[in-house]
Amino acid sequence: LVWELPAGFAAGEPVWPAPHRHVAAGEILDHVLDGEVVAVVPLTVPAEVAAGVDVTLRCRVEWLICHDVCVPGRSEAARTFAVVPPEQAGEDRDGARILAAARARQPRPLPAPSPVRWRRNDNILVLEAPGARRLVLMPQRDSARAVDLLRQGEADGDRLRLDLRPEDAGRPVAGVLAVHAAGDVVTHWQLDIPSEEPP
Amino acid sequence: MSLTRTYRQAVAAALVLFCFAPGLARAAAVGEPAPDFTLTDTDGKVHALADLVGAQRVVVLEWFNPDCPFILKHHQHHRTMDDLAARYGEQGVIWLAINSAAAGKQGAGLERNQKARQEYKMSMPVLLDESGAVGKAYGAKTTPHMFVIAPDGTIAYAGAIDDDRSPSTLGKTNYVADALDAVLAGKPVAVEDTPAYGCSVKYGP
């Protein structure tokens with residue numbers, strides 16, 4: 001996403017929905033998004049923006065869609081908004097609905113008390129989510145790496161055991177944990193498990 | 001629709017899809033002997049890794065698919081691979097592109113790869129591995145997926161070509177160049193293992 005914004009406006013990093021696990025021929029493991037994907041981009045509006053002016057937000061979007069093959073694409077989007085005083089602002093019901101649906105698909109931070117327990121030592125990570133039927137761990141790129149994520153990245157039941165690469169003991173395990181419960185209910189938690197030793 | 005001072009978020013909707021994440025199974029491990037192979041290139045020439053290792057050559061393997069946007073990035077929009085092959089070729093480095101796409105899959109076959117070598121003005125040979133056996137022995141997952149083999153026949157580097165995972169712009173760090181500099185100087189490779197990025201290798205079932 002490349003934004004073209006009026007002076008004083010700033011776009012943040014997009015927040016993506018939780019991905020899911022996909023294994024292709026040749027045991028190629030990937031974590032993917034499919035179908036229609038909505039990423040939420042935080043936009044900072046300058047305090048001094050004046051009511052009565054029009055503001056145009058432009059964004060150039062480039063993407064790559066892969067199924068059997070990868071196909072690049074690009075598009076440009078622009079939308080003009082009228083700035084009005086707060087008391088005249090109407091409710092954008094369609095926008096609110098899209099945002100709510102998008103946020104429901106994003107990984108959530110673990111609440112306290114946490115529904116997920118973890119133990120990490122001697123290069124072994126054990127995750128437990130009592131009551132779960134299946135667990136899937138999808139580490140981020142900067143996470144401590146697993147020895148064999150293809151075979152250990154998902155587990156039936158409420159417990160997942162992962163061997164971590166010893167050279168990554170100083171890195172946190174960061175990523176998304178999908179917890180599948182009864183009735184096909186899936187909750188995505190954002191995990192950030194500290195390193196074994198100070199980095 | 002109105003925009004107020006308190007309206008702080010915009011939504012961007014896009015169909016996206018994604019490149020290739022960290023966990024790769026059974027990849028040929030850095031520090032271990034590079035799996036041996038004998039493959040034929042698009043000109044009919046046979047390449048045996050054992051001969052190159054016997055001659056203590058430094059070898060770069062590049063997993064290749066002529067129709068993958070990430071290969072176009074490095075062979076057409078930019079000249080990453082050919083420039084590096086030329087620069088390090090002067091120091092005796094051998095660069096081999098390997099296509100492990102199964103027959104009938106995207107970018108597979110003698111004819112397509114012969115044509116691609118001309119289209120992209122490639123100096124390096126393209127070795128065909130339609131069974132996928134060599135690709136799987138190395139744990140090659142993406143095109144490109146890069147391996148640097150040291151003069152002692154061990155894998156000195158495995159992973160991405162650079163640190164920009166987009167299909168368009170080049171990274172600031174070229175991991176293969178850094179690994180080659182180290183190997184040629186007889187020094188340890190600082191970053192010897194990175195997650196590869198690109199299209200998936202089009203293996204058969």
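Select Cys66(A) and Cys70(A) to begin: with 105° about the S-S bond, their link is right-handed. Their sulfur atoms are 2.2 Å apart, and a disulfide here is a pair of cysteine sulfur atoms within 2.5 Å.

This is a predicted model, in which local features need pLDDT of at least 70 and side-chain atom pairs count only at pLDDT 80 or more, while totals for chains, interfaces and linings use all residues. Residues are numbered from 1 along each chain as its sequence is written, chains are lettered from A and ligands numbered from 1 in the order in which they are written, and side-chain values use heavy atoms, with hydrogens and water left out.

Both Cys66(A) and Cys70(A) are buried, that is, under 20% relative accessible area, where over 50% is exposed and in between is partly exposed (1.4 Å probe, protein chains only).

Next, show Cys68(B) and Cys199(B), which a disulfide joins with an S to S separation of 2.1 Å. Because the torsion about their S-S bond is about 90°, this disulfide is right-handed. Cys68(B) lies in the loop between strand S5 (59-63) and helix H2 (69-77) of chain B, and Cys199(B) in strand S11 (residues 199-200) of chain B, so the pair ties together parts that are 131 residues apart in sequence. Helices (H or I, at least four residues) and strands (E, at least two) are DSSP runs, numbered from the N terminus.

Now select helix H3 (residues 80-89) and helix H6 (residues 175-184) of chain B, which pack at an angle of about 10° with their axes 11 Å apart; axes are lines fitted to C-alpha atoms, for helices over the stretch in contact, and angles run from 0 to 180 degrees between N-to-C directions. Leu84(B), Arg87(B) and Tyr88(B) in H3(B) meet Ala177(B), Leu180(B), Asp181(B) and Leu184(B) in H6(B), contact meaning heavy atoms within 4.5 Å.

Finally, colour the open sheet of chain B, whose 7 strands run in the order S4-S3-S7-S6-S5-S9-S10 with mixed pairing; two strands pair if DSSP finds at least two bridges between them. Strand S4 (46-48) and strand S10 (155-159) of chain B are the edge strands, each pairing on one side only. The twist averages 30° from one strand to the next. H6(B) packs on this sheet, touching S5, strand S6 (94-99), strand S9 (146-149) and S10 of chain B, and its direction makes about 5° with that of S9(B).
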